[in-house]
Amino acid sequence: MKFLHLIWRNLMRKKLRTSLTLLSIVVAFILFGFLCAIRQALVGGVEVAGRDRLIVRDKVSIINLLPVTYKQKMERIPGVELATHQTWFGGHYQDTRNFFMQNPVEPEDFFKVHPEISLPKEQMKAWLETRTGAVVGRKSAEKYNWKIGDKVPILTPIWPHSDGDQTWTFDIVGIYDSTDKRTDTTPLFFRYDYFDETRPNWGKGQVGWYTVKIKDPSQAVKVAAAIDSEFENSPNETKTEPEGAFVQAWASQIGDITLIVEAILAAVFFTLLLVTGNAMAQAVRERTGELGVLKAIGFSNGQMLGMVLAESLLMAVLAGSLGLGLAWMMISRGDPTGGLLPMFVFPVTDLVIGFGIAALLGFASGIFPAVQAMRLRVADALRRM
Amino acid sequence: MFGVMSDSNFLVQIKGVDKMFHRGSEDISVLRDLNLNVRPGEFLALMGPSGSGKSTLLNLIGGLDQPTHGTVSIGGENVATMPSRQLAAWRARHVGFVFQLYNLLPTLTAERNVELPLLLTHLSRAERRKHVEAALGVVGLSHRTRHYTRTLSGGEQQRVGIARAIVTDPTLLLCDEPTGDLDRKAGDEILALLRALNGQGKTIIMVTHDPHASHSATRTIYLNKGQISDTMPE
C-alpha cells in the first residue's frame with residue numbers, strides 16, 4: 001500500500017495518454033458486457049432449460065400444429081409424468097414495437113411443468129374462474145404498468161376471432177415471478193380453452209408444441225424415442241428432444257452465437273492488449289532514468305517488477321471495473337430492442353469473468369515492460385536521466 | 001554504522017580493481033589496478049579529466065556496478081560479489097547518492113521524493129513523515145515540502161536530492177558532481193551543507209571537476225587514465 005502513491009503518480013504522469021488508454025479499456029468492457037447480454041438473451045435459455053423436460057414438436061416444422069389429443073397419449077408412455085402444451089399467438093400490445101410472447105396454456109399443468117415460475121394460489125384460483133383471464137410475468141407487468149384487474153387488448157395477425165376481429169382482450173388475474181434472474185418473465189399466458197373456443201375453425205383442437213415432464217432425466221433419450229415412435233406413420237409425426245437442445249437449436253438459427261461473441265471479444269481484447277502494452281512499454285521506456293534512480297536508492301529488481309506490473313494492473317482493473325460497471329448499469333435498464341431480447345441481462349458469472357479478463361489484460365500488457373525494468377542496469381539507466 | 005569492519009581504520013577499501021567496458025569487439029579499460037582506502041568521517045574529493053573513470057569508481061563504491069577484477073569492500077563487506085537483491089538492500093541501508101542533475105522524480109513533491117528510500121523500511125507513514133521533515137529541515141527546505149520539484153530552483157532541487165540521500169542516515173554519502181549544474185552561489189551553499197554533514201560524521205566521497213569544490217574536502221585524489229595520482233594531471 002505504501003507504494004500506491006508512487007504507482008498512481010506514475011500512472012498519471014501523462015494524463016492524456018493514460019486517459020485515452022483508460023477510455024479504450026472502458027469502451028472494450030462495455031462492449032464485452034453488451035455482447036455477453038446479447039448472448040445470454042439468445043442462448044441463455046439453454047442454461048435454465050429443465051433437464052427433466054422434453055419438447056415435442058411437429059417433425060417437419062414447428063409451425064405445423066399437433067393434435068391436442070396427443071397429450072393423453074403421451075402421458076400413457078412409460079417415463080412421462082405430465083405433458084402440457086403451448087401455441088404461438090404472435091400478438092403485440094398497442095404497437096408492433098411492444099412485442100412479447102403470449103401463449104395459450106392449460107393453467108395448472110403448465111405451472112406444474114414449469115416450477116421455476118410461481119403464481120400465488122389465489123391468483124391461480126381467479127384464473128381458473130375467469131375464462132378470459134391471463135397471467136403476465138413481472139417484467140412485462142412493470143414495463144406496461146399492468147395491474148391485476150386491468151383489461152389488456154392484444155392484437156394478433158395469426159389468430160383472429162371467428163368473427164375476424166384480431167384484437168383479444170384479456171383480464172389480468174395474476175402476475176407471476178421467478179427466483180432465477182435468467183428466467184424470462186415477459187410472456188403473458190392465457191387459457192387454452194378460451195383460445196380454442198374463440199379462434200377460427202381451421203386451428204381448432206390443435207396446439208403448437210408440447211412440453212413433457214419426465215420422471216427420470218437419465219431416461220430422456222429413451223422416453224423421447226418412445227414418444228416419436230408412438231406417433232410414427234401418423235399424419236402428425238413428432239420430433240422430441242430435451243428442452244436445452246431445443247432452445248439451442250432455436251438460437252442456432254441465427255448462427256453459433258457463442259462462437260460469434262467469443263470471436264468478436266477475442267479480436268477486441270487482442271487489439272486492446274496491443275494498445276495497453278504499447279502504452280505501458282512507452283511509459284517505462286521514457287522513465288528509464290527514474291527507474292535507475294529508484295534502483296540506486298535501494299529498490300530491488302523484484303520491487304521494480306512489482307511496481308510496473310502493479311501500475312499496469314491498476315490501470316486495467318480500474319478501467320475494466322468502470323467499463324463493467326457502466327455496462328451493468330446500461331444493461332439493467334432492460335432490453336434495448338423493445339421485446340426481441342427479453343432475457344437481456346448481464347450474468348454475474350460473465351461479470352466475474354470480466355474482472356478476470358481485466359486482471360489478465362493488466363498482467364499481459366505489463367509483464368514485458370516490467371521485466372525490462374527489472375533487468376535494467378543501474379549505471380546504464382542513470383546515464384539516460 | 002556498519003557492524004563489521006575488516007580494518008577498523010578504513011570504511012572503504014578498494015584493492016586491485018580493474019574495470020573494463022566492452023564496446024562491440026573493443027575492450028575499453030576504464031580503471032586499472034586501482035587501490036584506495038577511505039577512513040570513516042573523511043570528505044574525499046575525487047578529481048580528474050572527463051573519461052578518467054571518476055564516476056565509474058563512484059558507481060563501484062556504491063554497488064551500482066561491479067569491477068572486472070578486484071575487491072570493493074565497504075565496512076568489511078565485499079560489495080563486488082554481493083547478489084543483486086542483497087546489494088539493493090545494502091545500498092538502501094548504507095549509501096546515499098547525490099547526483100549532478102538531482103535525479104528527482106518530477107511527478108512527486110519534494111517530501112514524497114525524500115520519502116522514497118524510507119518506503120523500503122518498515123517505518124509507519126507517521127514515522128516516515130517525521131524523518132522526511134527532519135531531513136528537509138537539515139537542508140533548509142522545511143517551507144517547500146509540498147512543492148513539486150519542477151517549481152524549485154536548481155539549488156533547491158539539489159537540496160532535496162541531499163535530503164533524500166541522508167533521510168535514512170547512511171554512513172556513506174556518494175556525490176557525483178553535486179555542484180556541476182549550479183551557479184557559484186548555489187554551489188557554495190551545497191558545499192557548505194556537505195561540509196556540515198561531514199562535520200556530523202558523514203563519510204563523503206565527491207566526484208568533481210571543480211577545484212573550488214574540492215577545497216571543501218578533507219582530502220583530494222586525482223584519477224588519470226584509470227589510475228590514482230596525488231597530483232593533478234597535466
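Predicted model: local features only at pLDDT ≥ 70, side-chain atom pairs only at ≥ 80, totals over all residues.
Trainee: Which sheet of chain A holds β1 and β11, and in what order do its strands lie?

Mentor: The order is β3-β11-β1-β12 in chain A, an open sheet of four strands with antiparallel pairing.

Trainee: Why are β3 (80–86) and β12 (238–242) of chain A called edge strands?

Mentor: Each of β3(A) and β12(A) pairs on one side only, and that is what the name refers to. Helix α8 (residues 220–230) of chain A lies across β1, β3, β11 and β12 of chain A, and runs at about 170 degrees to β12(A).

Trainee: How do you know that strand β5 (residues 117–118) of chain A is paired with strand β8 (residues 167–178) of chain A?

Mentor: Two bridges join β5(A) to β8(A), and the strands run antiparallel; the threshold is at least two bridges, so the pair qualifies. Ile117(A) stands opposite Ser178(A) in β8(A).

Trainee: In which sense, parallel or antiparallel, does β8(A) run with strand β6 (residues 133–137) of chain A, and in which with strand β7 (residues 151–155) of chain A?

Mentor: With β6(A) the sense is parallel, over five bridges, and Gly133(A) stands opposite Asp171(A). With β7(A) there are also five bridges, but the strands run antiparallel, and Val152(A) has Phe170(A) as its bridge partner in β8(A).

Trainee: Turning to chain B, what makes β2 (26–38) and β5 (77–78) the edges of its sheet?

Mentor: The sheet is open, with four strands in the order β2-β1-β4-β5 (chain B) and antiparallel pairing. β2(B) and β5(B) each have a single partner strand, so one side of each is left without a neighbour in the sheet. The partner relation between strand β4 (residues 69–74) of chain B and β5(B) rests on two bridges, with Ser73(B) standing opposite Asn78(B).

Trainee: Why are helix α5 (residues 154–166) and helix α6 (residues 184–199) of chain B called roughly parallel?

Mentor: Their axes come within 9 Å and cross at roughly 20 degrees; angles under 35 degrees count as roughly parallel, so α5(B) is roughly parallel to α6(B). The crossing is right-handed. Among the residues that make the contact are Gln158(B) and Ile162(B) of α5(B) and Ile190(B) and Leu193(B) of α6(B), and the contact residues divide into six nonpolar, three polar and two charged.

Trainee: How many residues does each chain give to the contact between chain A and chain B?

Mentor: Chain A gives 20 residues and chain B gives 20 residues. On the side of chain A, the elements with two or more residues are α1 (4–11), α11 (288–296) and α14 (378–382), and α11(A) contributes the largest share, six residues. That side of chain A divides into nine nonpolar, six polar and five charged residues.

Technical notes. Residues numbered from 1 in each chain as written. Chains lettered and ligands numbered in written order. Axes fitted to C-alpha atoms, helices over the stretch in contact; angles between N-to-C directions. Parallel < 35°, antiparallel > 145°, perpendicular 65-115°, else oblique. Left-handed = near helix turned anticlockwise from the far one by under 90°. Contact = placed C-beta atoms within 7 Å. Nonpolar A, V, L, I, M, F, W, Y, C, P; charged D, E, K, R; others polar.
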